[in-house]
Amino acid sequence: MVAVGRHLDPGLTPDAAVSVLKNRPATRAAMRDAIVKRAPASAIPGGSEALAGLVDNLLDAWIETAGAQSAGGNVFGYAERKSPHRLLHMPLATEIPNLAPPHQKFVAGRSTRDVEPTVAMNPRDPGGKPIANASDLA
Amino acid sequence: MNKNAQRLSQVVSTFGPGAMIDLPTRSVIVGGLDLWEMKGNSFSVISEQRITVRLEQLLKAQSRLDESKVLSLPPPPINDSRPGGLPSYVIAPVFPAYFVCDHVETVTSSGRSVRRRRLVRWQDLDTTGGRRKFVFDDGKKSDVTPIRFVCACDKGHAGLSARFTR
């Protein structure tokens, strides 16, 4: 979700721009819509509205965390600074139990390999016709 | 995940159109845009103004895109495995179409015993088994391995190297 926001809005891209989200209602709506649009409605318990609600909760937690962490005068970033002055944490980071509950929601690994869509390859003969009797391609 | 599938980022980079790749059971060359089967709801366009504007600037500055053209970003046909959905895929013709038999023959030539592996073409392979084996005259079957020596002309047409086509 953070990557979507930083991608959609150049104003959110720099590391220190993590606190800007509260002033960007249009970006916030675009982030939610992008995520909801990508998920098949039939695969979501409660449908698209439930997913939109979950995304909104996360966005609220993002804004709350950024506000709380920068209120003391510290620079708060996405991931370049040390905890707790960063929004994102790796799944096994030892600092996570010490974070506030809204902040603890922002735990994610770096790889998107397992959630990336796939493209099926359909092997054909050299002329482009289907290969008959190919049990390995069934 | 379909065993003959590529991740989306692979198809738009190293393993895209024209790439020769090894699937689990076949060596193929990935088809170009004319071989992308966009059925059902698989056709979509990525709305990404920042990238399209940047690409248009770059390509027009290099005279590779007409000034009047506007780019769009259609992704490859994503494999939607929902029941009842129309299949979407990229056609990938088998390539290379020459193979070497895994079975080693021993023949006598000029009084000497010689071991050799037979070179066969796609059209020589066993049709009853989906062209994955070669059947010798005595009925023995052999698995085959695609020949890896390939070449391409300046226009990108791929073929076997001259050594194997003479």
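Across the interface of chain B and chain A of this predicted model, 16 residue pairs, both at pLDDT 80 or more, are in polar contact, that is, a pair of N or O atoms within 3.5 Å, where within protein one must be able to donate a hydrogen and the other to accept it, and residues adjacent in sequence count only if both atoms are side-chain atoms. There are also 2 salt bridges between chain B and chain A (a side-chain nitrogen of Lys or Arg within 4 Å of a carboxyl oxygen of Asp or Glu). Arg26(B) and Asp136(A) meet through their side chains in a salt bridge, at 2.9 Å from N to O.

As for who takes part, chain B brings 37 residues to the contact and chain A brings 25 (heavy atoms within 4.5 Å). Putting the two chains together buries about 2,700 Å², with carbon and sulfur atoms giving 57% of that; this is accessible area (1.4 Å probe) lost on being put together, summed over both. In chain B, Asn4(B), Arg7(B) and Arg50(B) lose the most area to chain A, together 19% of what that side buries.

Then there are the strands (DSSP runs of E, at least two residues, numbered from the N terminus). Strand E1 of chain A, residues 118-124, runs parallel to E5(B), and 4 bridges join them; strands pair if DSSP finds at least two bridges between them. Here Met121(A) stands opposite Val90(B) in E5(B).

Some housekeeping: the model is predicted, local features need pLDDT of at least 70, side-chain atom pairs count only at pLDDT 80 or more, and totals for chains, interfaces and linings use all residues. Residues are numbered from 1 along each chain as its sequence is written, chains are lettered from A and ligands numbered from 1 in the order in which they are written, and side-chain values use heavy atoms, leaving out hydrogens and water.
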